[in-house]
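Visitor: I'm new to this one. Can you walk me through it?

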Amino acid sequence: ELSQVLSQVPAADLVITAVTWLPSANISDGQQITLTAAVKNIGTGDTSRNFYVRFEVDDTYIDHQLVSGGLAVNETKQISQTWTASPGSHNAKAIADEGNAVAESNEANNQLSQVLPQVTASDLTITAITWLPSGNISDGQPVTLTASVQNIGTGATSRDFYVRFEVDGANIGHQLVSGGLTAGQTKLASQVWTASPGSHTAKAIADEGNVITESNEANNQLSQ
């Protein structure tokens with residue numbers, strides 16, 4: 001038998017050289033953000049193996065994206081992943097070679113973190129409740145309740161939310177506010193109620209179920 005020593009196979013070394021995002025500023029709650037990681041092979045050997053880049057925000061897994069065909073020495077590929085922004089301060093992280101599919105010369109330099117711009121919170125409140133007809137209401141008559149919901153916060157939200165309507169503490173329905181509210185914006189939401197005899201109190205509650213993280217969660221309702 002004959003044995004031969006094969007030539008040394010140099011190893012790749014995969015690193016994240018940059019993490020960027022678009023839009024780069026003025027990010028609002030609910031907005032789709034594209035995170036892009038630049039992954040480079042700084043080793044002395046090529047790799048043709050497929051591998052994944054893992055994306056995290058605040059150390060929470062978002063998703064991973066395939067780098068197909070590996071990387072030659074000094075080659076860089078741009079890998080992107082979307083993330084839905086939420087209020088607060090956040091750190092984005094990208095990790096090259098998730099699961100260590102590629103044997104590298106250095107396995108300790110695969111990740112990079114970057115601080116994202118502050119995402120300012122909205123503040124949703126009901127500024128008014130009106131009704132039509134406004135007087136001479138009779139038993140059994142359909143009455144249209146209309147709530148003015150305003151974002152009095154400094155940040156926008158593009159998330160959908162519901163306005164809940166109650167009469168005398170009983171739920172009579174909810175209405176969708178689609179597309180959220182920019183800072184200072186007001187939208188109207190209406191609900192029909194069938195009148196009954198007696199004195200009644202109407203209430204509207206913005207962001208039923210607290211879907212949106214707000215700067216103030218205690219001012220979402222108004223009674224009339």
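Predicted model: local features only at pLDDT ≥ 70, side-chain atom pairs only at ≥ 80, totals over all residues.

Visitor: Let's start with one residue. Is aspartate 59 buried or exposed?

Guide: Aspartate 59 counts as exposed, because its relative accessibility is 60%. Exposed means over 50% relative accessible area, buried means under 20%, and partly exposed is in between (1.4 Å probe, protein chains only).

Visitor: Which strands make up the open sheet?

Guide: The open sheet has 3 strands in the order β1-β2-β5, with antiparallel pairing. Its edge strands are β1 (14-22) and β5 (76-84), each pairing on one side only. Two strands pair if DSSP finds at least two bridges between them.

Visitor: What about the twist?

Guide: It averages 25 degrees from one strand to the next. Axes are lines fitted to C-alpha atoms (for helices, over the stretch in contact), and angles run from 0 to 180 degrees between N-to-C directions.

Visitor: How many bridges join β1 to β2?

Guide: There are 8 bridges between β1 and β2 (residues 32-41), and the two run antiparallel. Leucine 14 stands opposite asparagine 41 in β2.

Visitor: And what's holding strands like that together?

Guide: Strands of a sheet pair through backbone hydrogen bonds, either parallel or antiparallel.

Visitor: New topic. Which peptide bonds are cis?

Guide: Proline 23 lies in the loop between β1 and β2. Another cis bond joins leucine 132 and proline 133, where omega is about 0 degrees. Proline 133 falls in the loop between β8 (124-132) and β9 (142-151).

Visitor: Now salt bridges. How many does the count come to?

Guide: The count is 8. A salt bridge here is a side-chain nitrogen of Lys or Arg within 4 Å of a carboxyl oxygen of Asp or Glu.

Visitor: Which partners does lysine 93 have?

Guide: One is glutamate 56, with the closest N and O atoms 3.8 Å apart. That pair links distant parts of the chain: lysine 93 is in strand β6, glutamate 56 in strand β3, 37 residues apart. Lysine 93 is buried at 15% relative accessibility, and glutamate 56 is buried at 8%. Lysine 93 also bridges to aspartate 59, with the closest N and O atoms 3.2 Å apart. Those two are 34 residues apart.

Visitor: What about glutamate 208?

Guide: Glutamate 208 forms a salt bridge with arginine 164, the closest N and O atoms being 3.2 Å apart. Glutamate 208 is in the loop between β13 (202-206) and β14 (221-223), and arginine 164 is in strand β10 (residues 161-167), 44 residues away. Arginine 164 counts as partly exposed, at 23% relative accessibility.

Visitor: Which residues do shared partners join into a network?

Guide: Arg54, Glu56, Asp59, Lys93 and Glu98 form one network.

Visitor: Last thing, overall shape. What does the C-alpha trace span?

Guide: About 105 × 35 × 20 Å along its principal axes. The radius of gyration is 27 Å, whereas a compact globule of 224 residues would be near 17 Å. That radius is taken over C-alpha atoms, and the globule rule is 2.2 Å times the number of residues to the power 0.38.

Visitor: How much of the chain is buried?

Guide: Buried residues make up 38% of the 224.

How values were computed. Residues numbered from 1 in each chain as written. Heavy atoms only, no water. Helix = DSSP H or I, 4+ residues; strand = E, 2+ residues; numbered from the N terminus.
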